[in-house]
Amino acid sequence: MVSVAVLGAAGGIGQSLSLLLKLNQAISRLSLYDIVGIPGVATDISHINTNSAVEYHIGQAQLDAALRGIDIVVIPAGVPRKPGMTRDDLFNINASIIRELIEAVADHCPSALLAIISNPVNSTVPIAAEVLKARGVYDPRRLFGVTTLDVVRAARFVRDIRPNIDTSVYIPVVGGHSGNTIVPLLSLAEPQLDLAQEEIEDLVHRIQYGGDEVVKAKNGAGSATLSMAYAAARFIESLIQSFESDSIIVEPALVDLAADTQGAKQIKTLGADGLAFFAVPVVLGKVGIKRIAPLRGEPSLLERKGIEIAAAALKVNIDKGITYVIKKS
Ligand code: NAI
């Protein structure tokens with residue numbers, strides 16, 4: 001049985017995600033934390049007759065109680081985008097929130113697996129790594145930027161133009177988690193896809209900017225919350241399964257390539273050389289990342305070009321995160 005903490009649990013993602021996690025019978029303790037609004041959300045969810053005991057904690061003074069004894073921490077705390085904003089525009093506010101929360105994780109549950117949803121993921125994950133390093137508790141195998149929504153969207157958007165394709169189609173998505181740092185590898189889809197060049201270009205663009213469709217449709221009321229909650233619940237479910245079984249469970253995530261230096265070699269030769277973090281499919285195990293899953297085949301020329309473009313933008317995002325922590329310390 002597993003204990004999970006959601007930090008930012010009263011928000012748009014946090015509420016739906018907490019509901020989905022409450023339905024997960026493998027979770028015995030669900031610890032919900034926010035700086036506002038959490039008593040109502042937690043009390044409501046706590047009446048659902050599934051296994052987990054639900055507890056709530058509000059404000060920084062209760063963060064230690066929210067985290068002590070926790071196995072998996074998932075963080076959707078922070079502000080979301082409004083129309084016209086990029087994920088990077090969220091940096092100033094969300095960087096300080098992530099820093100504060102990760103410091104508490106380092107102090108109260110340093111061995112927990114950490115899944116970061118708060119944007120810009122390309123920078124918040126390096127921030128988390130730096131904070132954990134500074135506290136002397138960093139293990140790159142335990143840190144994940146949640147990019148599951150990109151593969152969820154990829155599978156769904158392909159189905160929109162090929163209704164016969166099963167929604168379980170697997171399309172690896174590598175790089176980062178914003179705009180042109182998101183690189184869908186349609187040529188490596190399983191089963192293989194038969195797509196015209198124009199369809200490929202349209203799909204790549206839609207997967208890269210799918211989040212903007214939601215931001216525009218919500219018209220100022222935020223970004224993806226329901227599909228994100230689904231994606232995060234799937235990711236947490238995979239982490240839990242990897243605790244409990246020896247079967248091979250693969251999920252994408254933005255990870256520190258130091259988690260598997262051998263496995264990172266293939267990724268680096270694709271044009272990601274010099275990058276410390278990259279979104280890749282990883283094989284999950286009892287302590288987090290077991291290894292980076294090798295790509296099954298060579299990406300197309302267009303995709304390799306996409307990786308090069310992504311790598312340049314991603315490097316700027318990563319450096320911004322690292323510099324933020326170094327400057328503050
Ligand atoms: P929201 O504004 O609805 O919820 C955020 C919650 O965080 C609020 O309840 C707020 O009180 C809480 N919060 C703020 N400061 C906090 C702190 N210091 N400690 C704990 N909680 C705090 O936002 P929403 O829509 O739930 O999005 C959350 C984040 O997730 C945003 O940064 C958004 O960009 C990101 N996101 C990430 C995606 C991904 O694929 N990784 C997809 C969609 C959104």
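**Exercise 1. Getting started**

Over residues 3–145, what percentages of the chain are helix and strand, and how far apart are the end C-alpha atoms?

*Solution.* A word on ground rules before the answer. This is a predicted model, where local features need pLDDT of at least 70, side-chain atom pairs count only at pLDDT 80 or more, and totals for chains, interfaces and linings use all residues. Numbering runs from 1 along each chain as its sequence is written, and side-chain values use heavy atoms, with hydrogens and water left out.

Step 1: residues 3–145 come out at 40% helix and 21% strand. Helices (H or I, at least four residues) and strands (E, at least two) are DSSP runs, numbered from the N terminus.

Step 2: the range comes from an unreviewed UniProt entry, which annotates it as "domain: Lactate/malate dehydrogenase N-terminal". UniProt positions are in the numbering used here, feature names are shortened, and annotations may be inferred rather than shown by experiment.

**Exercise 2. The largest pocket**

Work out which parts of the chain line the largest pocket.

*Solution.* On a 1 Å grid over the protein atoms alone, a pocket is an open set of points with protein on both sides within 12 Å along at least five of seven lines, while a cavity is a set where a 1.4 Å probe fits but cannot get out; lining residues have an atom within 4 Å of a point. Grid points are joined across faces, edges and corners, and a volume is the space filled by probe spheres set on the points.

Step 1: the largest pocket holds about 690 Å³ of space. Its lining has 40 residues, with P76, A77, G78, V79 and P80 nearest the centre.

Step 2: α1 (12–22), β2 (27–34), α4 (91–108) and α6 (148–161) are the elements that give two or more residues to that lining. Top contributor is α4, with 4 residues.

Step 3: the lining takes at least three residues from each of domain 1 (2–146) and domain 2 (148–328), with bounds from an automatic or database domain assignment.

Step 4: sort by class and you get 20 nonpolar, 14 polar and 6 charged residues. Here Ala, Val, Leu, Ile, Met, Phe, Trp, Tyr, Cys and Pro count as nonpolar, Asp, Glu, Lys and Arg as charged, and the others, Gly among them, as polar.

**Exercise 3. Annotated sites and the ligand**

Where does UniProt place the feature "binding site", and which residues are closest to the ligand?

*Solution.* Step 1: the unreviewed entry puts "binding site" at R81, R87, N119 and R153. R81, R87, N119 and R153 are included in the lining of the largest pocket. R87 is in the loop between β4 (72–75) and α4.

Step 1: 29 residues surround the ligand, the closest being G12, I13, D34, V79 and H177; a residue counts as near if one of its heavy atoms lies within 4 Å.

Step 2: look for polar contacts (pairs of N or O atoms within 3.5 Å; within protein, one must be able to donate a hydrogen and the other to accept it, and residues adjacent in sequence count only if both atoms are side-chain atoms). An N or O atom in the side chain of N119 is 3.1 Å from a ligand oxygen atom. A backbone N or O atom of I117 is 3.1 Å from a ligand nitrogen atom, and a polar backbone atom of V146 is 3.2 Å from a ligand nitrogen atom.

Step 3: check the backbone at N119. The peptide bond from N119 to P120 is cis, with omega near -5 degrees, and P120 lies in the loop between β5 (113–116) and α5 (121–134).

**Exercise 4. The second largest pocket**

Which element supplies the largest share of the lining of the second largest pocket?

*Solution.* Step 1: this pocket holds about 320 Å³ of space. It is lined by 18 residues, and V151, V152, R153, A155 and R234 are closest to its centre.

Step 1: at least two lining residues come from each of α6, α8 (210–218) and α9 (226–244). The largest share is from α6, with 7 residues.
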